[in-house]
Amino acid sequence: MTVESLDFSISGLIYDGLGNPPKAGTIGIRNGAIVSIGDSPIDSKSHIEAGNLVIAPGFIDVHTHSDLSLFIDGRGESKVFQGVTTEVTGNCSFSAFPIVESYRELQSDFLEGIGDDRVNLEWTDLAGYRAALHKKGIAINIAPLVGHGTLRIASMGLAEGAPTTQELERMGELLNTSFEQGAFGMSTGLTYVPSRYAPFDELIYLCQVLKKAGRTYTSHARDYDIFGKDNFLGPLKEAFALARETGVRVQFSHAAINDPNLWGRAQDWVDHFDSPEAKNLDVAFDVYPYDASSSSITQYLPGWVQAGGVVAMSERLSDPETFKRAAEELALGWSAHKIKWFWDRVLIARGDGLLGVENGDSIEVAAKKLDIAPEALVLELSRLGGNSVMVVLFYRTDEDMRTFAKSKHSIICSDGSAVAFDQKGKMPHPRSFGASARALGYLSRESGDMPFEEVIYKMSGKVAARLGIHDRGSIEVGKAADIVIFNPLTIKDQASFVKPAQPPLGIEYVFVNGELVVEKGTQTKARPGRVLNANL
């Protein structure tokens with residue numbers, strides 16, 4: 001090939017993203033795609049001699065919440081500096097589409113639960129959302145899912161209970177329209193209002209739609225067993241039952257054990273994927289490499305407190321007697337099986353200055369400063385801030401997380417968002433800034449849990465195969481030139497819970513669709529990212 005025929009060539013140690021050991025070689029890139037992989041150097045307009053650096057597929061984060069953050073700031077700094085080149089959005093039942101005018105405000109309230117500032121939703125469907133992001137310009141790609149919560153609101157608002165036949169059919173129609181426009185699947189968030197209201201039969205119907213379209217079902221599971229009293233395996237069994245009844249491909253979201261009484265049982269949970277109950281089912285799960293979670297504080301309130309949306313919740317909590325009842329129930333614990341509150345383990349990540357609380361304080365510390373009960377503080381923050389108040393919960397163990405990550409059934413994700421480094425005082429979970437680098441630095445190099453090729457596979461080729469992202473995820477001729485080049489000796493996350501907005505060490509170059517977006521630790525002005533289409 002001549003200089004004119006290649007835009008870039010890269011020589012170094014290549015990990016193909018398919019789990020194979022690395023091989024030295026040279027990659028040729030033209031018009032955004034990988035056009036050659038060989039043993040010998042080749043001429044090109046630009047050449048990167050990577051030497052002892054690792055060349056890998058750009059990481060595909062299978063579980064993110066970058067639906068609106070990339071619309072707000074297309075640079076996606078927190079992810080692009082980790083080598084993430086594609087974000088799978090629309091998880092946990094939250095997605096930026098479909099939007100209907102009659103419920104637009106409810107949908108905007110709902111989407112605040114992701115943790116971003118409120119956005120004017122100027123589109124109605126995936127096609128409009130794609131056009132809006134392309135007009136803004138984004139540095140990395142998006143592979144969108146349809147969020148069941150957004151879908152349900154579009155069909156029936158925040159009504160509790162089972163949908164009518166008409167409402168269920170409307171959900172199916174909106175879901176199919178999204179698939180026609182290129183959505184990769186649907187997610188539930190069965191602890192969030194309104195996804196939590198869905199009966200099993202509703203999920204069966206929607207999974208049948210997914211199966212017919214050949215798309216993936218991702219499940220943020222319930223926190224209780226709809227079939228019995230097995231709160232440990234019951235939520236997983238519901239996902240398996242959906243796979244068994246409909247044949248749908250299931251991706252179980254962010255595996256974790258949050259109940260201190262169950263800590264240490266991760267292997268028992270993982271073993272269920274090899275049980276007779278899982279035989280012939282297309283099921284897998286993802287996990288992020290941290291021992292803490294994060295979400296809107298409203299998720300932990302009693303369900304009746306959240307009914308009707310944030311406006312109704314605020315009005316409800318303005319009544320002293322109702323507030324007292326809510327505080328008494330909240331004090332009993334969180335989740336369906338009343339996990340005991342350890343208020344020193346609940347960190348305020350985004351309080352927006354409400355009541356004078358400081359980001360980084362625990363609920364225990366903040367409540368003492370205000371001389372009120374922790375339960376009262378949580379309810380007041382929810383009353384005033386709705387879904388926008390975010391917390392971090394330290395209710396997991398590193399041992400369990402590592403057990404999940406090592407499993408042959410797992411994919412490594414972040415459950416974070418592509419956001420700017422300037423967080424203006426907010427303290428989001430460090431997973432948004434370090435998950436990919438932490439998997440490579442901590443889980444592989446430092447702990448020796450997995451070789452690099454396995455970690456890379458779980459963040460690239462395996463994700464592409466699960467989600468049906470056919471044009472990227474591996475270093476192969478014909479695939480999109482989404483590529484990360486990093487130093488295997490130094491790659492390491494730097495983001496902490498008290499100082500999260502820090503880039504990792506060791507990422508040298510990042511290509512998205514054949515264009516350099518990170519060069520020697522500096523982001524370029526290129527915005528080559530696309531909202532991908534599952535039909536292409």
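Which residue in β6 is the bridge partner of Ile 60?

1. The partner is Thr 86. This is a predicted model, where local features need pLDDT of at least 70, side-chain atom pairs count only at pLDDT 80 or more, and totals for chains, interfaces and linings use all residues. Residues are numbered from 1 along each chain as its sequence is written, and side-chain values use heavy atoms, with hydrogens and water left out.

2. Strand β6 (residues 84–89) runs parallel to β5, with three bridges joining them. Both belong to an open, parallel sheet of three strands in the order β5-β6-β7. Its edge strands, each pairing on one side only, are β5 (59–61) and β7 (141–144). From one strand to the next, the twist averages 20°. Strands here are DSSP runs of E, at least two residues, numbered from the N terminus, and two of them pair if DSSP finds at least two bridges between them.

3. Do have a look at β14 (residues 346–350): five of its five residues are buried (under 20% relative accessible area, 1.4 Å probe, protein chains only). Four bridges link β14 to the antiparallel strand β15 (residues 390–393), and Ile 348 has Val 391 as its bridge partner there.

4. The lining of the second largest pocket includes Ile 14, Tyr 15, Asp 16 and Ile 475. β2 (23–30) and β3 (33–38) each give two or more residues to this lining, and β2 gives the most, with three.

Key:
1 Å grid on protein atoms, 1.4 Å probe; cavity = no way out; pocket = protein on both sides within 12 Å on 5 of 7 lines; lining within 4 Å. Buried < 20%, exposed > 50% of the residue type's maximum accessible area, 1.4 Å probe, protein only. Axes fitted to C-alpha atoms, helices over the stretch in contact; angles between N-to-C directions.
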